[in-house]
Each structure stands twice: as C-alpha cells, then as structure tokens.
Amino acid sequence: RTLSGTAIRQNTPYIKTHDRIENPLDTKIFLDNQFLESSATTWIDLHDPATNNIVTRVPQSTAEELVAAVNSAEKAFKSWRKTTLLTRQQIMFKFVQLLRRDWDRIAARITLEQGKTFADAKGDVLRGLQVAETVCGITSQLTGELLEVSTDMETRSYREPLGVVAAICPFNFPAMIPLWCLPPAIITGNTVVMKPSERDPGAALIIAELAKEAGLPDGVLNIVHGTTPTVDFLIEEPRIKAISFVGSDRAGKYIYTRGTAYGKRVQANLGAKNHAIVMPDSNKSQALNAMVGAAFGAAGQRCMAVSVMVTVGDAKRWIPELVELAKRLKVSGGFEPDADLGPVISPHAKTRIESLIQSASDEGAEIVLDGRGYKVDDYPDGNFIGPTIITGVRPGMRAYDEEIFGPVLSVVSVDSLDEAIALINANKYGNGAAIFTRSGPVAEKFQKEIECGQVGINVPIPVPLPFFSFTGNKGSFLGDLNFYGKAGLHFYTQMKTVTALWRSEDAVVDDLNVNMPTHH
Ligand code: NAD
C-alpha cells in the first residue's frame with residue numbers, strides 16, 4: 001500500500017515559505033517584490049478538491065491594493081524598459097533554472113489547490129516553463145527591419161514595450177497560463193499586474209517568488225487577487241495598456257468587449273469543444289488510447305481536452321473496447337501515485353457536470369459508462385466523477401452544445417469523413433480538432449477543410465510548443481495576436497518606425513520643398 005495523499009501532503013517538503021508563514025490560511029498579495037497581508041474585508045475560501053478541506057483564504061484585493069499594484073508597475077516600467085535586452089535575458093535564464101529547481105514544489109501546490117494528479121501538474125509547470133525557455137532566444141526573435149530608402153536616408157522599424165499589462169488567468173492551468181503571459185511580457189520590457197484564478201493562486205505566487213529570486217526588480221511583477229471587482233478595475237484603469245485573458249466564454253467576451261472599448265489591446269482565449277475523428281482505417285489501439293487520455297486526463301478540465309469523439313463508419317464498433325479502457329483508469333486524490341485522474345474543481349462543478357450527463361440521457365443519448373456518484377474510499381468528501389462515455393449524442397443536445405469541462409466523452413457516429421468535417425465546421429468553437437487515420441490523403445483533406453485553429457493528425461491534443469503560437473480560432477479566441485510564440489511577442493510590443501537622414505557635415509542644403517516628399 002502506498003502512502004496516502006494526505007500523508008504525502010503532510011510530509012511534503014515542497015509546501016513551504018509563504019505557504020507556512022504567519023497565518024498559513026491567508027494567500028498574500030505580491031506588491032513591489034514583497035508578499036503582504038491583504039487588508040481585504042472579503043475573502044474567498046479555497047478548498048482542496050480531493051477532500052474539501054480548507055487550504056487557504058484568498059483576498060478580494062482592496063481598491064487601494066489594486067491602485068498600489070499599478071503604481072508599482074508603472075514606476076518599475078520607467079527603469080525596466082531601459083534595461084538592455086541582455087540584462088532581461090540573463091534574468092530569464094536564471095528564472096528558468098529556478099522553475100526547474102522548484103518544479104515539484106509548484107506542482108504540489110497545483111495538486112493541492114486544483115486537484116489534478118501530481119504527474120499532470122508537473123506537465124502543467126513544464127508547458128509554462130518551456131515558454132520561459134523559448135523567450136530566452138529573444139535576441140534573435142525580435143530583430144527589426146532596416147532599409148536605405150533614399151540617399152543618406154534610412155528607415156528602421158523595431159518593437160517597443162507597451163507599458164503596464166495585465167494577465168487574468170483561469171483555474172485549470174495554474175502555472176502554465178501565468179507562464180504563457182509573464183515571460184513574453186517582461187522579456188519585451190513590460191511590467192505586469194497579474195490576477196491568478198481565485199480558485200488556485202498558489203502556483204502563481206511561487207512563480208513570483210522565483211522571479212524575484214532570479215533578479216526581477218521591484219514592481220516588474222505584481223499579483224493581485226479577487227473576482228469581478230479586480231477584473232473591472234484592470235479593464236478600466238487607463239495605465240494598463242493590454243490584457244491577456246484565458247478562461248470561459250462569459251468572462252472572456254465581457255473582458256474583450258469592455259477592454260477594447262477602453263482602448264486596450266486584448267487577447268482572449270475562450271472555451272472549446274474539441275472533436276477527434278476516428279477513421280475505421282486508423283490504428284485502433286493508438287486511437288482508443290489517445291481518446292481515453294485526452295478525454296479523461298486532468299478530469300477533462302483542459303481547454304484542449306477531446307470532448308467529442310466522432311466515429312466514421314465501422315469505427316463505432318470499437319466503443320465497447322473504449323469503455324473497457326476507460327474503466328481501467330484510477331480515479332483518486334491527485335497525490336496518490338497511481339491516480340490517473342483527480343477530482344473536478346468544486347462541488348458546484350461536479351453538480352453541473354452530472355446534470356449535463358443526465359440531460360444527455362433525458363434527450364435520448366445512451367450513457368454507456370456512467371461516472372456519476374463516483375466514490376473514492378480514501379477521499380469520501382472529494383468532488384470525484386468517474387470517466388463517462390455517452391453515445392448517440394447529436395447537435396442540439398445540451399451535452400453536445402455546451403462545454404462540459406469534466407471527464408465526459410460524447411460519441412457522435414457518422415457514415416463519412418465529409419459528414420464528420422461538416423459536423424466540426426458547424427460547431428461554434430475552433431480550439432482543437434484531430435483525426436486518427438493511416439491514410440495520407442484523408443489526413444490532408446481533413447487538414448485543408450477543417451475550420452479549426454489547431455489540428456492534430458494522429459495527435460489528440462495538438463497544443464503547439466512555444467516556438468509556435470496557441471492558435472485557437474472561431475468562438476475559442478477573441479483578438480488578433482495569439483498567445484506565445486512570435487504572435488505573443490508581437491502582442492506585448494508595438495512598432496516604432498524611424499526615418500533618419502544624415503547628410504555629410506559640409507553638405508550645402510538648398511532643397512527647400514513644400515511638396516509631399518517622394519524620396520526620389
Ligand atoms: P472563468 O472565466 O470562470 O475564470 C477565468 C478568469 O476570469 C478568472 O481569473 C476569474 O476570476 C475571472 N472571471 C470569472 N468570471 C468573471 C466575470 N463574470 N467577469 C469578469 N471576470 C471573471 O474560467 P475558469 O472556469 O477559471 O476556466 C475554465 C474555462 O477556461 C473553460 O471554459 C476553458 O475552456 C477555458 N480555457 C481556455 C483555454 C484556451 O486556451 N482556449 C485555456 C484554459 C482554459
């Protein structure tokens with residue numbers, strides 16, 4: 001018998017420093033490189049999703065704290081923007097090294113607050129860490145343009161930081177999403193006010209501690225907390241020039257619409273409904289394993305989770321095998337070494353997901369694997385739902401039309417590839433779509449015809465590595481410049497174009513001209 005999750009938590013060497021100082025219950029704000037007690041009068045209780053024990057209280061930052069965070073970032077911007085790229089790069093190298101050093105510690109905090117398994121939480125950290133590693137190459141990624149446009153005259157164009165930028169993050173990737181924003185924003189010379197999810201801000205605070213240790217000057221990163229009042233402040237504050245948002249449709253549309261109305265640059269990654277087509281010619285075990293991993297990993301709480309499997313033709317005969325595979329998954333507390341999936345984030349999420357499962361049954365679909373009411377002996381109070389598979393799902397059913405964001409795989413069966421592509425193209429979202437096939441021409445047709453921003457060919461969760469960008473489209477993205485990669489660097493910078501004329505010192509200048517210059 002392995003050590004129970006509770007025992008690991010009690011003995012874990014990772015949960016230390018600001019988690020344990022003074023009042024361990026209260027989450028701190030991070031202002032001017034200091035962890036401070038908030039003067040909040042409103043607090044949000046944060047519970048371990050595996051036990052529903054209270055872990056910490058998260059403050060709704062006060063108006064004074066929010067203004068202080070922007071003051072700090074504004075002041076820091078004046079000197080931070082003047083640091084050389086090489087100085088900022090050196091800090092980023094060190095930051096990367098510290099993230100690796102404290103990788104397990106950050107992951108443990110994620111498992112405690114968010115619930116995902118420790119192994120999966122390590123992946124959460126890694127995918128963010130890779131963004132930090134990649135932006136270390138800033139010196140060759142951000143070179144400008146130059147052309148001699150006329151005699152003695154050159155035009156050069158290059159990128160400058162925006163100023164103070166804000167990041168508003170979701171609960172499901174407590175390290176990765178803050179790290180989609182922080183490294184590209186600061187390496188390009190901006191300063192940041194970050195609002196992690198009020199449901200699991202602990203990882204972002206460890207990241208802040210490491211950024212400070214890496215040498216990030218006071219005020220370059222500030223962390224505030226809370227819900228809508230904090231978001232409204234960030235939208236309305238004129239000194240904030242841009243907002244990076246990742247989260248649900250409802251919040252994202254609100255932030256994009258209001259943020260742009262206030263003249264800000266906004267990038268907003270929203271919800272998803274990711275389909276994976278399984279062709280009858282595909283490698284069956286590869287396809288079925290991929291479906292189970294991508295649908296149920298992280299308890300389905302990934303924006304790139306496969307939530308709809310589309311079987312074409314005879315591939316529907318494999319559903320019983322799919323169910324057998326899914327039954328093998330171990331559902332337990334995220335610290336349990338053999339857990340495949342942990343709990344969902346809250347009792348409310350559990351109720352919502354279970355009611356969507358019920359709605360599918362009420363609307364004529366068949367629940368072939370039912371994870372409702374799932375009990376884990378060692379964690380009787382956790383928000384657990386077992387892997388759930390629903391067949392006979394169709395557009396128009398709530399379980400198809402809504403993002404479930406839980407360990408639920410809907411199966412739609414169609415007769416042809418054209419039908420499968422039409423189904424996906426009719427869906428409002430465009431985050432991810434995948435196909436499993438052994439045929440090159442089929443994969444090629446899918447790639448060309450599919451209206452979706454991130455396409456997997458025999459890859460179920462095609463999240464691009466940070467040398468590319470995260471390119472969801474249609475209803476899954478609002479804005480023009482995507483997160484990370486080249487687009488991410490462009491999001492956090494604006495162009496400056498300089499035209500310079502240097503005549504020789506003894507040149508006789510007698511060309512007074514009032515006409516529009518043509519540079520001929
Ligand atoms: P959420 O929208 O509830 O919360 C995201 C952030 O917005 C939080 O910081 C929260 O405090 C704030 N917020 C919540 N409601 C708000 C409101 N009414 N007004 C203003 N701000 C508000 O999202 P979540 O539940 O934390 O995250 C899950 C969602 O995020 C899913 O829909 C998922 O698909 C999406 N997501 C998308 C991506 C992507 O890259 N497309 C990645 C991760 C998560």
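Is Cys452 buried or exposed? Cys452 is buried, with a relative accessible area of 10%, where buried means under 20% relative accessible area, exposed over 50% and partly exposed in between (1.4 Å probe, protein chains only).

The model is predicted, so that local features need pLDDT of at least 70 and side-chain atom pairs count only at pLDDT 80 or more, while totals for chains, interfaces and linings use all residues. Residues are numbered from 1 along each chain as its sequence is written, and side-chain values use heavy atoms, with hydrogens and water left out.

**View A. Helices H15 and H16 where they cross.** The axes of helix H15 (residues 417-426) and helix H16 (residues 440-449) come within 11 Å and cross at roughly 25°; axes are lines fitted to C-alpha atoms, for helices over the stretch in contact, and angles run from 0 to 180 degrees between N-to-C directions. Helices are DSSP runs (H or I, at least four residues) numbered from the N terminus. H15 and H16 are therefore roughly parallel to each other, a term for angles under 35 degrees.

**View B. Cys169 and the cysteine sulfur nearest to it.** The structure holds zero disulfides, a disulfide being a pair of cysteine sulfur atoms within 2.5 Å. Cys169 is in no disulfide, and the nearest cysteine sulfur, that of Cys181, is 5.1 Å away. At 7% relative accessibility, Cys169 counts as buried.

**View C. Cys452 and its closest cysteine sulfur, in Cys303.** The sulfur of Cys452 lies 12 Å from that of Cys303, too far for a bond.

Methods:
Helices (H or I, at least four residues) and strands (E, at least two) are DSSP runs, numbered from the N terminus. Angles under 35 degrees count as roughly parallel, over 145 as roughly antiparallel, 65 to 115 as roughly perpendicular and the rest as oblique.
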